[in-house]
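Dear colleague,

Please find below the structure that I promised to hand over to you. I would be grateful if you kept it open while reading the notes that follow.

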Amino acid sequence: MSNFELTYATMFDPPEELHTRYDEALANARSLSGTEYGMIINGKESFAKHKFKSHNPANTEEILAVFQTGTAKDANDAIAAAKAAFPSWSRLSWQERVILLRKAAEIMDERLFEIAATISLEVGKNRMEALGDIAETPALIRWACDEMEENQGFVVQMGKDPLVGYNATNYSVLRPYGVWLVISPFNFPAALTGGPVGAALVAGNTVVMKPATDTPWTVRLLAECFVDAGLPQGVVNYVTGSGSVLGKALVDNPDVDGLTFTGSYDVGMGIFRSFAQGKYIRPTILELGGKNPAIVSRNADVERAALGIVRSAFGLQGQKCSACSRVFIEEPLYDQVVDRVVELTSELKVGNPTDRSVYLGPVVNSWSYRDFLKFTDELKEVGTILTGGEVLTEGSFINGYFCAPTIAADVPLENHLWKDEMFLPITMVHKVESLGEAMALANDVDYGLTSGFYGSEEESQWFFENTQAGVNYANRPQGATTGAWPGYQPFGGWKGSGSSGKNAGGHYYLQLYMHEKIQSLVE
Ligand code: NAP
């Protein structure tokens, strides 16, 4: 695999060895089924009175592993451990921290297949999506290390003030805040935990990470990579339990100095508001939902557009924040594009996500499954289902949360489903008279995460100028609105999709984890 670099844009034709190694790792992961995992607080295994089991969404009778139902006390213990570890970790030179974080990234590379198999079992991701999630994690960590190095630890000599009879030296240095909380979502449990954790750590903060209740296993394996890299006790802590009890206790603890939350708009805004009740304002990085549009001009390449739309609408069962959930097509190409999108969609294979040929696995849990039934019922009532619209329950689908990829048309523009994030394998298509009309509709949502366009080069520049989103693609068959990679397409959102306006894996992100200190010395 020496010449193959796995990214979301290259994953369509991987070398054979990748499949063999994934299959071996999958068999190994299955042999560990039922193992109980503790939390990691101050470098030690920590067990709670109550436990919860994680299930395979492709077969809910399969118990994957057993985890601790962490309490408010566990939250506070983890934060106390991170607080105690902060002075010595933050005083290490940035070069020493970079060495340790690169070591963690290397361990993740070594355990790539093991963690990918876990992601498939726990989230229901197909094998390539699962490999992408974990491969992106060390890429994000290395990116943060490289940024630290390129900026020489963010120590900058400033001008000398014109003092007569004195010599002054002025330095600007960026320093870490303290204890950083990372709360992650189920859909990218590796990259969206490990990425922010890596940035926070290399900046000199200590960390408490809390995964989604659906994905504690992946994040446990990730936490082990950081521990095994030799990070001192308490620098990185891992706690498990519900958002409403454990998560709330973490957010409410006054010793948290900053946080990165990735998840839904509603939960994120709730956290933002309660975190603001502290004594002073603390950095709050929120990466929230999306309602991502693709616009197809009358000058588009139909095949590219159709491929990109289908891949982005249904990759990971539409459970990506960047999923393409709205498609606006100029009238002259409408029928052609829609016919091809429907054709490609009906060819997608739904099934056990660990099977090599499967594109769509199950949705993650019973709530998502119920939402799918609710939304498709509504779409049938107000519009037309062009393909899909059903849950799959026969044969091997019987014990999983399988949903057919669904395309809806003729849905009135006033309907709330044009604006609400469904987070499911459902996309909606609409005919427009002009690109101006398409852009007005595309931007008329509270979200602004990603967007896609197919058309001429000149139109593409117009699209880049006018779209209101953090990550934008033109003429990309690999994905209309999905497939970002650190260093190539840094990822983050505008409007209700993100709080910082600076994208992860880009040039302005690591600085969010540090505050500036000016050191002015007069001799
Ligand atoms: P979610 O329900 O908002 O949960 C996200 C995390 O918050 C989970 O760890 C959850 O724990 C925790 N949580 C819930 N309530 C909490 C509270 N009161 N206090 C503290 N923590 C709390 O989101 P999800 O369903 O896991 O993920 C899907 C959402 O994430 C979608 O909206 C998607 O668009 C968004 N997302 C955004 C990005 C981005 O980069 N912008 C990337 C990926 C996903 P429990 O699981 O225990 O409830």
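The notes below go from the whole chain to single residues.

**The chain as a whole**

Please bear in mind that this is a predicted model. The chain has 14 helices and 24 strands. Its C-alpha atoms fill a box of roughly 75 × 60 × 50 Å along the principal axes. For 523 residues, a compact globule would have a radius of gyration near 24 Å, and the value for this chain, 23 Å, agrees with that. Of these 523 residues, 59% count as buried. The contacts also show how the chain folds back on itself: among those between residues at least 6 apart in sequence, 74% join residues at least 24 apart.

**The nonpolar cores**

Which residues have the most contacts inside the largest nonpolar core? They are Leu-131, Leu-201, Met-209, Trp-217, Phe-226 and Leu-510, in a core of 78 residues. Helix H5, which covers residues 127–150, gives the most to this core, with nine residues. Apart from this core lies another one, of 32 residues, which includes Ala-313, Val-337, Phe-402 and Tyr-454.

Not counting residues up to four places away in sequence, Leu-510 touches Ala-144, Glu-147, Met-148, Phe-154, Ala-199, Val-202 and Ala-203.

One of these partners, Phe-154, is found in the loop between H5 and strand S6 (155–157). Phe-154 is buried, with a relative accessible area of 8%. Its phi is near 60°, a positive value in a residue other than glycine.

Leu-316 is another non-glycine residue with a positive phi, in this case near 50°. Leu-316 belongs to the loop between helix H10 (302–314) and strand S14 (324–330), and with a relative accessible area of 1% this residue is buried.

**Cysteines**

A disulfide is a covalent bond between the sulfur atoms of two cysteines. How many disulfides does a search of the whole structure find? The search finds zero. Cys-145 is in no disulfide, and the nearest cysteine sulfur, that of Cys-225, is 14 Å away. Cys-145 is also buried, at 0% relative accessibility. For Cys-403, the closest cysteine sulfur is in Cys-324, at 18 Å, which is too far for a bond; the cut-off for a disulfide is 2.5 Å. Cys-403 is likewise buried, with a relative accessible area of 2%.

**Aromatic rings**

A pair of aromatic rings is described by the distance of the centres and the angle of the planes. The structure holds twelve aromatic pairs. In one of them, Phe-453 and Phe-463 are stacked, with 5.2 Å from centre to centre and 15° between the planes. Phe-453 lies in strand S21 (residues 450–454) and Phe-463 in helix H14 (residues 457–466), so the pair ties together parts that are ten residues apart in sequence.

Elsewhere, ring pairs link Tyr-177, Trp-180, Tyr-509 and Tyr-513 into a cluster.

Charged side chains also meet aromatic rings. The charged end of Lys-125 sits over the ring of Phe-188, 3.7 Å from the ring centre. Arg-282 lies over the face of Phe-275, and here the distance to the ring centre is 3.8 Å.

**A glycine in a loop**

Where is Gly-389 placed? This glycine is in the loop between strand S15 (384–387) and strand S16 (391–392). Gly-389 counts as buried, at 4% relative accessibility. Leaving aside neighbours within four places in sequence, Gly-389 is in contact with Phe-372, Thr-376, Lys-380, Ala-404 and Thr-406.

With kind regards

Note on methods. Residues numbered from 1 in each chain as written. Predicted model: local features only at pLDDT ≥ 70, side-chain atom pairs only at ≥ 80, totals over all residues. Heavy atoms only, no water. Buried < 20%, exposed > 50% of the residue type's maximum accessible area, 1.4 Å probe, protein only. Core = buried A, V, L, I, M, F, W, Y, C linked by side-chain atoms within 4.5 Å. Helix = DSSP H or I, 4+ residues; strand = E, 2+ residues; numbered from the N terminus. Contact = heavy atoms within 4.5 Å. Phe/Tyr/Trp six-rings, centres within 6.5 Å; stacked < 30°, edge-to-face > 60°. Lys NZ or Arg CZ within 6 Å of the ring centre and 35° of its normal. Rg over C-alpha atoms; globule rule 2.2 N^0.38 Å.
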